[in-house]
Every structure is written in structure tokens, then in C-alpha cells.
Amino acid sequence: MLPRPAGQLHARVVPSDLNVMKRAGAMGSSRNRGPESAVGNLSSDALQDFVSILRIRLTEEAILQLKLSGVVAGSVHLSNGQEAIPVGVVKVREPQDVIFGTYRGHGWALACGLPVVDLLRELCGRSGGTNGGRGGSAYLSAPDYGFYGENSIVGAGAPIAVGAALAARFDDSRRVAIAVFGDGAMNQGSVHEAMNMAAAFDLPVVFVCENNRYAELTRNESMVKDPVLSNRAAAYGMLGVRVDGNDVTEIRDAAADALSRARAGRGPTMIEAMTQRIVGHYVGDAETYRDPGELDDARRDEPLARLRRELGSSGRTMETITELEKAVQDEVDQAIAEATSSPPADAISVLSTAIRKLHHVSLAATLSVEGGRGVETKPLSDRAVFA
Ligand SMILES: Cc1ncc(C[n+]2csc(CCOP(=O)(O)OP(=O)(O)O)c2C)c(N)n1
Ligand SMILES: [Mg+2]
């Protein structure tokens with residue numbers, strides 16, 4: 001069982017706020033942040049968190065249905081139960097910070113502000129998706145929102161994040177790179193190399209390990225001697241902290257410390273966020289590896305149930321919660337309608353999505369020449385450069 005949060009969460013709710021919320025929930029486009037504008041009037045962190053987590057949960061429930069009905073193609077990995085981690089981290093990142101995720105990244109994209117409709121269009125292979133409908137569930141990115149993308153190669157995002165952090169050394173961006181990966185990825189060589197380099201060079205990186213206790217169908221405890229993965233941070237010479245990954249406030253505070261340390265030139269931090277996925281590894285996973293009743297506690301402790309329980313301790317807030325649930329459900333329903341009625345990805349947009357022709361340049365190759373003649377620069381033929 002994960003530890004319970006120490007204090008009660010309080011929300012200031014007045015009757016006029018409920019009217020504002022009703023209006024917000026009734027407002028049109030799925031692009032507008034109706035539920036947020038209502039919460040803004042309540043000035044409550046916990047209600048904001050509730051809306052953010054609920055948006056991810058309801059969107060992923062919609063994705064599940066779209067996958068089961070054959071509208072979404074390709075593999076789909078849901079993050080039910082893990083949503084507090086992106087919500088907590090993104091709350092305290094700065095706009096120039098960049099996030100590199102895994103294939104379980106819908107929640108990160110949404111927490112970064114990607115509209116639900118753009119995510120759903122992407123997963124449904126429609127034009128107007130964040131990657132023109134070609135990234136799908138497992139390879140989407142939303143760089144305009146600071147989400148530099150998913151990666152289905154376990155552990156491969158970490159060295160890319162380190163590269164982004166190294167680049168921050170050469171500009172004035174004050175950018176921090178946030179590398180997100182699972183407990184299983186901690187056993188990948190690429191993550192070891194990334195952590196070592198980031199620590200050795202004091203690079204501005206925050207390593208966020210979403211420890212959901214499983215790598216696919218295998219328990220973390222059966223693969224490692226010491227299941228406290230943040231203990232490894234010391235060996236790299238960086239700070240490692242283990243937090244309750246179902247508690248937005250705990251995650252937010254740990255991320256705020258790590259981000260300010262990184263920005264101050266004091267190097268990387270590893271945050272091990274303890275959580276559980278309350279769904280299969282992928283859509284279609286029969287979960288035969290679980291003990292009977294294994295998820296009973298996890299379902300009580302998952303972040304949405306926990307926040308609902310804590311907020312609901314006040315009768316007036318319960319009414320607020322119901323209104324917000326309706327507002328977020330409306331937002332998602334409208335996004336589903338818009339996404340599924342969008343045209344499929346068209347052939348011509350492949351040039352601006354899957355392959356982007358950046359420019360035509362004359363490349364020069366720098367060749368290292370042996371025999372004491374130093375470095376020589378040799379022109380190559382004109383080539384198109386794609387990215
Ligand atoms: C380099 C590599 N090895 C193996 C796989 C197959 N694979 C896909 S997901 C996964 C489990 C990863 O577990 P974890 O890092 O804990 O992330 P989680 O799925 O639990 O979020 C594995 C081994 C892969 N995609 N890439
Ligand atoms: Mg895992």
C-alpha cells in the first residue's frame with residue numbers, strides 16, 4: 001500500500017462558482033478549457049488536479065473504446081492509475097522545458113496542454129492530429145506543448161533528453177529536459193549511460209521513473225536485487241528520491257526541487273514515483289500474471305479515486321465534483337465526435353508530418369586526416385535534408 005497523504009485537501013466553493021461551472025461545462029468547443037475556467041474561480045489546486053487527472057482518465061477510456069471498435073489502429077498502452085505523475089510534474093515545469101516520454105504517454109501529452117481532440121485525431125489516423133495522424137498512440141509528439149514525444153524503444157528517451165540538456169549548455173534557454181521511463185527501463189544500458197553522463201556533466205535533467213512495479217508481465221522484484229530503484233542514483237553521484245506517485249502534491253514538490261536544482265546548474269535528479277497501472281500493459285493484455293485481488297488496494301489508492309474521496313469529504317464539494325465530471329465528459333465527448341468525423345490523413349501531408357523537408361543545403365563533411373595534417377573540410381554534393 002502506498003502511504004496516504006498527510007493532510008486534508010480544502011476547496012473554497014461558493015454557490016456562484018457552481019453557476020460559473022455550469023456555464024463552462026455547457027460551452028462549445030472541445031478546444032476551450034471549460035472545466036479549468038470554472039476551477040480557476042474556485043482557486044483550488046486539488047480541483048485543478050482533479051480535472052487534469054479526470055481528463056486523462058476519460059480520454060483514455062474513450063481511446064480504449066475506439067481501439068476495441070477498430071477505429072484506432074496499432075498498439076495502445078494506457079496509463080490508468082498513473083495520471084498523477086504527469087499532472088504533478090507538468091504543474092511546475094517552465095514553458096521552455098522539454099519532456100521525453102514512453103509509449104505510455106497520452107497523459108503526458110494532455111497534461112502538457114495538448115487538446116483532447118488533437119490527441120484523438122492522431123490516434124484515429126486523421127488529419128489535424130498532432131502528427132498528422134501518423135504517429136499514432138505509441139509515437140505521438142506535441143513539441144508545441146513541450147512534449148517532445150513518445151518512444152517505443154524502452155529506455156531510448158533518456159539519452160535523447162540528455163542531448164537536449166547538453167544543448168541547453170550552448171543557448172540561453174534555461175531549459176531542463178525531463179526524461180520519463182518505467183521501472184523496467186532502469187535495467188536498460190541506455191538509461192545507465194544517460195544517467196552517468198548527466199551526472200558527470202551536471203546537466204539539467206530530471207529523470208522521472210514511473211515505477212508501476214511491472215515491466216510488461218514481469219514483476220520488478222523478480223528482476224532486481226534492490227527494488228528501491230532510486231537507491232541507484234547515489235552511484236551516479238546524483239540525488240534520488242522516492243515519492244508516492246499517486247499524490248500530485250508530493251510529485252509536484254519533488255519535481256519543483258529537481259527542476260530548480262537543474263536550472264541552478266546543480267545537475268540531475270532521479271525521481272522514483274511509486275504507482276500502479278490498474279489496467280493491462282497494453283490493450284488486450286489478459287493480466288494472467290497478477291495474483292487474485294492484487295489490484296484491490298491499488299483501485300482504492302489510485303489518484304482519481306483518492307482525490308474524489310478527499311474532495312468529497314465536504315457535501316458542497318461533492319456537488320462541484322459532479323459538475324466538473326460532467327464538464328470534462330462533455331469536453332471528451334465533443335472531442336470524440338470532432339475527431340471521428342475528421343478526414344483521414346492525406347497523402348500530401350506526409351511531407352510535413354512523417355518526413356519534413358527542412359531545406360536544401362550544400363553539406364560539408366569534416367574529415368579527420370591522419371598523418372599530422374590536422375582537420376580538413378571537404379564539400380559533398382547537394383543533398384536534401386529531412387527531419
Ligand atoms: C529496447 C526494448 N526492449 C524490449 C522492449 C519490449 N518491451 C515493451 S514494453 C516493455 C516493458 C517496459 O517496462 P517499464 O519500463 O517498466 O514500463 P511500463 O510499460 O511499465 O510503463 C518491454 C520490455 C522494447 N519495446 N524495447
Ligand atoms: Mg513498469
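1. Two strands pair if DSSP finds at least two bridges between them. Helices (H or I, at least four residues) and strands (E, at least two) are DSSP runs, numbered from the N terminus. Under these terms, Ala179 has Phe207 in β3 as its bridge partner. The structure is a predicted model, in which local features need pLDDT of at least 70, side-chain atom pairs count only at pLDDT 80 or more, and totals for chains, interfaces and linings use all residues. Residues are numbered from 1 along each chain as its sequence is written, while chains are lettered from A and ligands numbered from 1 in the order in which they are written.

2. Confidence comes next. pLDDT is the predictor's confidence in each residue, from 0 to 100. The protein has a mean pLDDT of 84, with 81% of its residues at 70 or more. Helix α1 (residues 15–26) has the lowest confidence, a mean of 32, and β3 the highest, at 99. The pLDDT is below 50 over residues 1–32, and also below 50 over residues 358–387. Where pLDDT is low, the predicted coordinates should not be read in detail.

3. The protein contains 13 helices and nine strands. A residue is buried if 20 or more other C-beta atoms lie within 10 Å of its own, exposed if 12 or fewer, and partly exposed in between, with C-beta atoms placed from the backbone. Of the 387 residues, 47% are buried. Helix α4 (residues 84–92) is mostly covered, with seven of its nine residues buried; among them are Ile85, Val87 and Val89.

4. Five strands form an open sheet in the order β1-β2-β3-β7-β6, with parallel pairing. Its edge strands, each pairing on one side only, are β1 (98–100) and β6 (239–244). Neighbouring strands are turned by 20° against each other on average, direction ignored. Axes here are lines fitted to C-alpha atoms, for helices over the stretch in contact, and angles run from 0 to 180 degrees between N-to-C directions.

5. How is β2 paired? Three parallel bridges link β2 to β1, where Ile99 has Ile178 of β2 as its partner. Six bridges join β2 to β3 (residues 205–211), again in parallel, and Phe181 has Cys209 as its partner in β3. Helix α7 (residues 157–168) packs on the sheet and touches β1, β2 and β3, its direction making about 175° with that of β2.

6. Is β2 buried or exposed? Six of its six residues are buried, so β2 is largely enclosed by the rest of the structure. Ala177, Ala179 and Phe181 point one way, while Ile178, Val180 and Gly182 point the other. In a regular strand the side chains alternate between the two faces of the sheet.

7. Ligand 1 is surrounded by 16 residues, the closest being Val154, Gly182, Gly184, Ala185 and Ala215. A residue is near a molecule or strand if its C-beta atom, placed from the backbone, lies within 6 Å of it. The elements giving two or more residues to this shell are β2 (177–182) and β4 (214–215).

8. Asn187 lies in the loop between β2 and α8 (189–200). Why does Asn187 count as partly exposed? Asn187 does so because it has 15 C-beta neighbours inside 10 Å. Leaving aside neighbours within four places in sequence, Asn187 is in contact (C-beta atoms, placed from the backbone, within 7 Å) with Met223 and Val224.

How values were computed: Contact = placed C-beta atoms within 7 Å.
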